[in-house]
Amino acid sequence: MSKKIGYILIVAMSWVGFAQAQEVLPSFAPLVEKTHKSVVNISTQNLETESDDADNDVEFIVHNPKLQRYFSPKKSKTTSLGSGFLVSEDGHIVTNAHVVENAKKIDVTFADRTQVEAELVGIDRKTDLAMLKVSVANKLPAAKLGNSDDLRVGDWVLAIGNPFGLGGSVSAGIVSAMSRDIASGAYDDFIQTDASINQGSSGGPMFNLKGEVVGINSAIYSTSGASVGIGFATPINLAKFVIEELKTKGKVERGWLGIKVQETEKGIVISTIMENSPAQKAGIEVGDILLAIDGVLIENPRTFARSVAERHCGEVLTVEVLRNRVKQIRNLTVEPLPNFPPLSTTTKETEKQASFEVSNIDDTMREKYGLADDVIGVIVTSIGVNNDAVAKGLKEGDLITEVDKKQILTSDDFWSAVGEANRENGRPVELRIDNNGTPNFATVKL
């Protein structure tokens, strides 16, 4: 009798625990009902249409644990897939730049399965964001933008998107970390999440429990091409400036002071002053320690880059620096970020500096490395020793087709893209390596 009572007590306690767990864990159904109509599926017909094989639409095999964006192979006649969300009732849609930048035709599918063609309003490659516009007669359900600065590690988040073409897919997770730098650009400040994000989710929204967009799903870290619980989203607070610029101007005009900084034990040190720049005109000197801009402390180079980029031309900033242990205040007038000309990169000296050499693909290279006639890109002809390329697994004979999501046709294209990264505080570049038709990605400092 006592054993039966014990079993009854255990079952009862288990049921109480289960009931309590149900009370604690949220149901996301009301949130999905509230937000899903603002999310769209995006399909694009690429400029390169080389194959009729429909299987290419979803095949994406990556053998190395590299950071990867969600590309469908370019050798596809049909579509590559992505996600997006409405930011205005009149049809403005935000997505990732890499989803649409090579598109000849862009189609948007709404939650009610209505499909319309979209116009590309503008692209910002520095943050990998793009703005689309659709024209419809009725008002559309725009998403509400939240405040990503309010997010805490451990908060619940919801991702809605179009993974592998499965539109309207919902996944939930938590904020795993904040302010992640994944070496994709000067404005890296990603939210890390374990919500399931896969190919085709790119450009979709990340919602908080209030139904507000707090992030834009952009990248994953994976060994297979599928989610392993490490995804990254662009914080909506970083994206708001870009969204407004693209929406109103079709491009992003960033502020510029002509300063490069480095993070050292002493603090954020000014390492370069560009000639005839606002910083030089105001008397800023190399070696000054940057303390604050308009009273806001500068904690790291990313904070500095963003605080300047989001200022408008003609705006006057109060910059506080420390020089020889004495604080100084300087007023700098913001100028537009110049369009720097590409670096001259055809010399052997430049290639040797990178400890890395690439060559154009000609008949000799095609024969030597067994390349098909329709293959485009550059070939790695020398890898060097004891450098980051070696550490990341690159080797002679690798076919590089993209650098930072830009198609590479010649060695000049390659070194121009590397030069652009070097101008952005010497950041690494993301290489797309297409060996035997299988794309791999490596983030390499050259």
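This is a predicted model: local features need pLDDT of at least 70, side-chain atom pairs count only at pLDDT 80 or more; totals for chains, interfaces and linings use all residues.
How many bridges join strand S10 (residues 156–161) to strand S11 (residues 169–180), and do these strands run parallel or antiparallel?

**View 1. Strand S11 is joined by bridges to S10 and to S12.** Strand S10 (residues 156–161) and strand S11 (residues 169–180) run antiparallel and are joined by 6 bridges. Within this pairing, Ala159 stands opposite Ser171 in S11. S11 is also joined to S12 by 3 bridges, and these two strands likewise run antiparallel; here the bridge partner of Val175 is Thr193 in S12. Strands of a sheet pair through backbone hydrogen bonds, in either the parallel or the antiparallel sense.

**View 2. Phe190 and Phe232 form an edge-to-face aromatic pair.** The structure holds 3 aromatic pairs, and in the one formed by Phe190 and Phe232 the ring centres are 6.3 Å apart, with 70 degrees between the planes. Because Phe190 lies in strand S12 (residues 190–193) and Phe232 in strand S15 (residues 231–235), the pair ties together parts that are 42 residues apart in sequence. Phe190 counts as buried because its relative accessibility is 7%, and Phe232, at 5% relative accessibility, counts as buried as well.

**View 3. The rings of Phe414 and Trp415 form a further edge-to-face pair.** The centres of the two rings are 4.9 Å apart and their planes stand at 90 degrees, an angle over 60 degrees, so the pair of Phe414 and Trp415 is edge-to-face. Phe414 is buried, with a relative accessible area of 0%, and Trp415 also counts as buried, at 3% relative accessibility.

**View 4. Strand S3 (residues 80–86) is mostly covered.** Of the 7 residues of S3, 7 are buried. Ser80, Gly82, Gly84 and Leu86 point one way from the strand, whereas Leu81, Ser83 and Phe85 point the other way, and all of them are buried. In a regular strand the side chains alternate between the two faces of the sheet.

**View 5. S3 pairs with strand S1 (residues 39–46) and with strand S4 (residues 92–96).** S1 and S3 run antiparallel and are joined by 6 bridges, with Val40 standing opposite Gly84 in S3. S3 and S4 pair in the antiparallel sense over 2 bridges; Phe85 stands opposite Val94 in S4, and Leu86 stands opposite Ile93 in S4. The hairpin of S3 and S4 has 5 residues between the strands, and in this hairpin Gly91 takes a positive phi near 105 degrees.

**View 6. S3 belongs to an open sheet of 7 strands.** The order of the strands is S6-S5-S1-S3-S4-S8-S7, with antiparallel pairing. Strand S6 (115–117) and strand S7 (119–124) are the edge strands, each of which pairs on one side only. Neighbouring strands of this sheet are turned by 30 degrees against each other on average, direction ignored.

**View 7. Leu25, Trp156 and Leu209 form a nonpolar patch on the surface.** Together, Leu25, Trp156 and Leu209 have about 290 Å² of accessible area. Leu25 has its place in the loop between helix H1 (2–24) and helix H2 (29–35).

Technical notes
Residues are numbered from 1 along each chain as its sequence is written. Side-chain values use heavy atoms; hydrogens and water are left out. Rings of Phe, Tyr and Trp (its six-membered ring) pair if their centres lie within 6.5 Å; planes under 30 degrees apart count as stacked, over 60 as edge-to-face and the rest as tilted. Helices (H or I, at least four residues) and strands (E, at least two) are DSSP runs, numbered from the N terminus. Buried means under 20% relative accessible area, exposed over 50%, partly exposed in between (1.4 Å probe, protein chains only). Two strands pair if DSSP finds at least two bridges between them. Patches are made of residues with over 30% relative accessible area and no salt bridge: like charges are joined within 9 Å, nonpolar side chains (Val, Leu, Ile, Met, Phe, Trp, Tyr) within 5 Å. Accessible areas come from the Shrake-Rupley method with a 1.4 Å probe; for residues, only the protein chains shown count as cover. A salt bridge is a side-chain nitrogen of Lys or Arg within 4 Å of a carboxyl oxygen of Asp or Glu. Axes are lines fitted to C-alpha atoms, for helices over the stretch in contact, and angles run from 0 to 180 degrees between N-to-C directions.
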